[in-house]
Amino acid sequence: MKPILYIIEDDQTLSSIYQEAFEKIGFSTIAIRNGQDAISTFSQKLKKRPKAILLDLHLPDVSGREILNFLRNDTSYDLVKIVVISADSLQLRLPEIQKKSNYTVLKPLRYAKLLELGTSILQAD
């Protein structure tokens, strides 16, 4: 069974690019378009825990920072790799973001970088 990656990104074009890249290297992806839907999804007991979550910081309704805090306060997500992605380099450097995420990535990023990131996540444990 393929490892699951949730993509929490409100930009449909970027979400599609991320899905294509991560599926190409072996992930099964699930896209979520806003913060409230992300909180609703992760509040439920998931049938299979994801390997990773790609999380945009700037989302409608609920911010990526709030979602990151929610996930890190739930021990069932302790082993899930969280990739925080943003065009805001200052946000990515905040100690809170650095401490609670496994990876931080500055937008825009090249397709090759997505593939490299995905491969790194697949090999991590």
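Mentor: Two strands pair if DSSP finds at least two bridges between them. Strands are DSSP runs of E, at least two residues long, and helices are runs of H or I, at least four, each numbered from the N terminus. This is a predicted model: local features need pLDDT of at least 70, side-chain atom pairs count only at pLDDT 80 or more, and totals for chains, interfaces and linings use all residues. Residues are numbered from 1 along each chain as its sequence is written, and side-chain values use heavy atoms, with hydrogens and water left out.

Trainee: How do you know that S1 pairs with strand S2?

Mentor: Count the bridges. There are 5 between S1 and strand S2, residues 28-32. The definition asks for at least two, so they pair. The two strands run parallel. For one example, Tyr6 has Ile30 as its bridge partner in S2.

Trainee: What is the hand of the β-α-β crossover from S1 to S2?

Mentor: Right-handed. The chain leaves S1, passes through helix H1 (residues 12-24) and reaches S2. Right-handed means this: with the strands pointing away from the viewer, the path from the first strand over the helix to the second runs clockwise.

Trainee: What makes S1 and S3 a pair?

Mentor: The bridge count again. S1 and S3 share 4 bridges and run parallel. Tyr6 stands opposite Ile53 in S3, and Ile7 stands opposite Leu54.

Trainee: Why is S1 called largely enclosed by the rest of the structure?

Mentor: Look at burial. Buried means under 20% relative accessible area, exposed over 50%, and partly exposed in between (1.4 Å probe, protein chains only). In S1, 5 of the 5 residues are buried, so the strand is largely enclosed. Ile4, Tyr6 and Ile8 point one way, Leu5 and Ile7 the other way, and all are buried.

Trainee: What makes S3 mostly covered?

Mentor: In S3, 5 of the 5 residues are buried. Ala52, Leu54 and Asp56 point one way, while Ile53 and Leu55 point the other.

Trainee: Where does the chain go from S3?

Mentor: S3 and S4 are parallel, with 5 bridges. In S4, Ile85 is the bridge partner of Asp56. The chain crosses from S3 through H3 to S4, again in a right-handed β-α-β crossover.

Trainee: Why is the pair of Tyr6 and Phe42 called edge-to-face?

Mentor: Start with the cut-offs. Rings of Phe, Tyr and Trp (its six-membered ring) pair if their centres lie within 6.5 Å; planes under 30 degrees apart count as stacked, over 60 as edge-to-face, and the rest as tilted. For Tyr6 and Phe42 the centres are 5.0 Å apart and the planes meet at 70°, so the pair is edge-to-face. Tyr6 sits in strand S1 and Phe42 in helix H2, 36 residues apart.

Trainee: What kind of aromatic pair do Phe42 and Tyr77 form?

Mentor: Edge-to-face too. Their centres are 5.6 Å apart, with 80° between the planes. Tyr77 lies in the loop between H3 and S4, 35 residues from Phe42.

Trainee: Are Tyr6, Phe42 and Tyr77 buried or exposed?

Mentor: Set each value against the limit of 20%. Tyr6 has 7%, so it is buried. Phe42 has 1%, so it is buried. Tyr77 has 3%, so it counts as buried.

Trainee: Which residues of the largest nonpolar core touch the most other members?

Mentor: Ile8, Phe42, Ile53, Leu55, Ile67, Leu71 and Val84, out of 21 residues. A nonpolar core is a set of buried Ala, Val, Leu, Ile, Met, Phe, Trp, Tyr and Cys residues joined through side-chain atoms within 4.5 Å. Strand S1, helix H2, strand S3, helix H3 and strand S4 each supply at least two residues of this core. Another core of 16 residues lies apart from it, and Leu5, Phe22, Leu114 and Leu117 are among its members.

Trainee: How do you know that Ile121 counts as buried?

Mentor: Its relative accessibility is 0%, so it counts as buried. Ile121 lies in helix H6, residues 111-123. Contact means heavy atoms within 4.5 Å. Beyond residues up to four places away in sequence, Ile121 touches Phe22, Phe27, Lys51, Ala52, Lys81, Val83 and Tyr103.
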